[in-house]
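Work through the exercises below with the sequence and the coordinates at hand. Each task is followed by a solution in steps.

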Amino acid sequence: MPACYFEFGMNEVDADMARGGKTPVSAATLGMAGAILVIALGARLFELDGQPMWLDEVFTARRSARDLPDLIHHALIHHHSPLFFLLEHGMMMILPGTFGLRLLPAIAGAVCAPLVFAIGRAAGLRSGAVLAG
């Protein structure tokens, strides 16, 4: 490795990144991200249908219950992307009720936790990454 990388205070990982290389992800980091995902998913799924529906969930349920052409038309005239309501429509057909309505947003939120962890790790905030995840 050229000495010039060390003159600027870079370690070997920073030097590899400066050359355009990719740093391998350790098994411990993948395990930590997996554990964060499992904890986040468990926290979101625990008694997912235990509370009454909020007003926005009632509106989502009503929109998602429409037939597909009407669902798309209604979403577009009210300036909403129809993709979420289409996904909810499919989810409600598989799992009707409050649990099915809340499952897709719960999964999306749980997936964000390890992503925040990865961003923290990439920024060099090792302990903060775990707390953020």
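**Exercise 1: the end of α5**

Task: determine which residue just after α5 takes a positive phi.

Solution. Just after α5, H79 has a positive phi of about 60 degrees. Helices (H or I, at least four residues) and strands (E, at least two) are DSSP runs, numbered from the N terminus. This is a predicted model, in which local features need pLDDT of at least 70 and side-chain atom pairs count only at pLDDT 80 or more, while totals for chains, interfaces and linings use all residues. Residues are numbered from 1 along each chain as its sequence is written, and side-chain values use heavy atoms, with hydrogens and water left out.

**Exercise 2: the overall make-up**

Task: state how many helices and strands the protein has, and what share of its residues is buried.

Solution. Step 1: the secondary structure comes to eight helices and zero strands, in the order α-α-α-α-α-α-α-α along the sequence. Step 2: of the 133 residues, 23% count as buried; buried means under 20% relative accessible area, exposed over 50%, and partly exposed in between (1.4 Å probe, protein chains only). Step 3: take the contacts (heavy atoms within 4.5 Å) with a separation of 6 or more; residues 24 or more positions apart account for 47% of them.

**Exercise 3: the buried sides of α4 and α5**

Task: find which residues of α4 are buried and which of α5 are, and what covers each set.

Solution. Step 1: in α4 the buried residues are E57, T60, A61, R63 and S64. Seen down the axis, they fall within an arc of 165 degrees, so they line one face of α4; the arc is that of the directions from the helix axis to the C-beta atoms. Step 2: the face of α4 turned away from this buried side carries the exposed residues L55 and R62. Step 3: the cover over the buried residues of α4 includes α5, α6 and α7. Step 4: in α5 the buried residues are L71, H74 and A75. Their arc around the axis is only 100 degrees, which puts them on the same side of α5. They pack against α4 and α6.

**Exercise 4: the packing of α4 and α6**

Task: describe how the axes of α4 and α6 cross and which residues make the contact.

Solution. Step 1: two packed helices are described by the angle between their axes and the distance between the axes. Step 2: the axes of α4 (residues 55–64) and α6 (residues 82–94) come within 9 Å and cross at roughly 75 degrees. Axes are lines fitted to C-alpha atoms, for helices over the stretch in contact, and angles run from 0 to 180 degrees between N-to-C directions. Step 3: α4 and α6 are therefore roughly perpendicular (65 to 115 degrees). Step 4: T60, R63 and S64 of α4 meet F84, F85, E88 and H89 of α6.

**Exercise 5: two single residues**

Task: is R102 buried or exposed, and what does its side chain contact? Then place L68.

Solution. Step 1: R102 lies in α7 (residues 98–122) and, at 10% relative accessibility, counts as buried. Step 2: the R102 side chain makes a polar contact with the side chain of E57 (2.8 Å). A polar contact is a pair of N or O atoms within 3.5 Å; within protein, one must be able to donate a hydrogen and the other to accept it, and residues adjacent in sequence count only if both atoms are side-chain atoms. Step 3: L68 lies in α5 (residues 68–77) and is partly exposed, with a relative accessible area of 41%. Step 4: not counting residues up to four places away in sequence, L68 touches L86 and H89.

Definitions and conventions. Angles under 35 degrees count as roughly parallel, over 145 as roughly antiparallel, 65 to 115 as roughly perpendicular and the rest as oblique.
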